[in-house]
Amino acid sequence: MTTSVLICDDSGFARRQMARSIPDGWDVDIHFAENGKEAISAIKQGKADVMFLDLNMPVMDGYQTMQIVKEQDLPTLVIVVSGDVQPEAHKKMLSLGVIAFIAKPIDNQKLCEILRQYGLYTGEATSQGRSQKVPVVEPRSQKSELDAYREMANVAMGRAGEQVAKLLGEFIQLPIPNVNLITNNELHMAISDVKSSDSLSAVSHGFIGAGINGEALVIFNDANFSTMGKLLKYHHKSTKEEYELEVLMDISNILVGACVNALSEQLHVSFSHNHPIILGRHCDIDQVLETNSQRWDKILAIEIAYAISSQDIQFDLLLLFPGNAMELVYEKLVKHTH
């Protein structure tokens with residue numbers, strides 16, 4: 001008997017990855033949705049005996065989607081496939097009725113174990129699933145490239161968010177990464193859009209490996225230092241400056257470390273880290289940019305705006321890759337999803 005499978009994810013790259021991960025021996029009819037609104041419609045049309053659901057999506061996210069599925073008792077078994085691996089996210093979605101939670105990128109073995117557990121599939125795990133039947137990428141275009149970069153950032157963002165959530169003991173709200181191709185002249189505008197106050201502090205972390213170099217900028221609203229220090233249970237040092245510096249460096253090290261490690265896993269590249277550089281403290285955006293010496297003609301800029309709503313805390317991570325590194329990143333993303 002054929003099983004109707006719905007893959008709901010705003011990323012075309014992620015939808016194809018998920019489709020390729022479905023075991024080749026499982027008799028399925030695959031459908032796609034780009035957000036929760038489309039998914040609800042597909043479920044009501046009988047196209048989702050099983051649904052693979054992302055969490056962070058526009059229009060209607062995974063949480064809102066599952067709330068409707070639960071309230072309306074819609075006929076679908078839901079497996080969450082997400083870059084958000086925070087325990088609180090697991091707990092919330094399980095309470096709404098999902099049967100399992102799989103972290104991106106997909107582990108084929110774990111997927112098959114879950115499907116067998118619920119009697120959905122009785123075969124063996126395969127390393128590539130439907131690799132010959134589902135193309136991994138659309139014909140190359142700027143849109144398909146940005147989609148691939150966004151999905152890479154989504155996974156890295158989730159790993160970093162999980163580590164900071166553990167450190168602070170709070171649930172981190174994860175956004176949809178904002179991905180753009182810009183020139184160096186547009187970098188000022190990009191960082192200006194990130195900042196949430198006139199006074200900010202910023203740290204730069206450089207990383208390099210296998211010909212891929214990049215820079216991670218962590219930007220803090222100065223008003224958040226005291227609250228973050230309390231969450232970290234730090235005691236004031238001899239000076240306020242030392243206290244704030246410890247908070248700044250510890251959060252940025254955790255955030256960037258987890259993010260770059262997730263990039264390493266996806267690209268199969270070992271990155272080495274440069275010593276972090278304080279770009280500015282209690283200053284405006286112009287001073288930050290003056291300190292940042294990177295001068296690249298073409299830049300892949302990935303903006304991730306983290307938030308802790310219960311504490312009114314916001315901090316931003318900006319990943320920057322120059323044009324030559326960008327090409328290598330795309331090639332490796334495509335290669336390692338085949």
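**Exercise 1. Determine the handedness of the crossing of α2 and α3.**

Solution. The crossing of α2 and α3 is right-handed, meaning that the near helix is turned clockwise from the far one by less than a right angle. The model is predicted, with local features needing pLDDT of at least 70, side-chain atom pairs counting only at pLDDT 80 or more, and totals for chains, interfaces and linings using all residues. Residues are numbered from 1 along each chain as its sequence is written, and side-chain values use heavy atoms, without hydrogens and water.

Step 1. The axes (lines fitted to C-alpha atoms over the stretch in contact, with angles from 0 to 180 degrees between N-to-C directions) of helix α2 (residues 36-44) and helix α3 (residues 62-71) come within 9 Å and cross at roughly 25°. Helices here are DSSP runs (H or I, at least four residues) and strands likewise (E, at least two), numbered from the N terminus.

Step 2. Angles under 35 degrees count as roughly parallel, so α2 and α3 are roughly parallel to each other.

Step 3. Gly36, Ala39, Ile40 and Ile43 of α2 make the contact (heavy atoms within 4.5 Å) with Thr65, Ile68 and Val69 of α3.

**Exercise 2. Locate Val59 and Asp312, and state whether each is buried or exposed.**

Solution. Step 1. Val59 lies in the loop between β3 (50-53) and α3, and Asp312 in the loop between β11 (298-308) and β12 (313-322).

Step 1. Val59 has a positive phi of about 70°; for Asp312 phi is positive at about 55°.

Step 2. Exposed means over 50% relative accessible area, buried under 20%, partly exposed in between (1.4 Å probe, protein chains only). Val59, at 64%, is exposed, and Asp312, at 65%, is exposed.

Definitions and conventions:
Angles under 35 degrees count as roughly parallel, over 145 as roughly antiparallel, 65 to 115 as roughly perpendicular and the rest as oblique.
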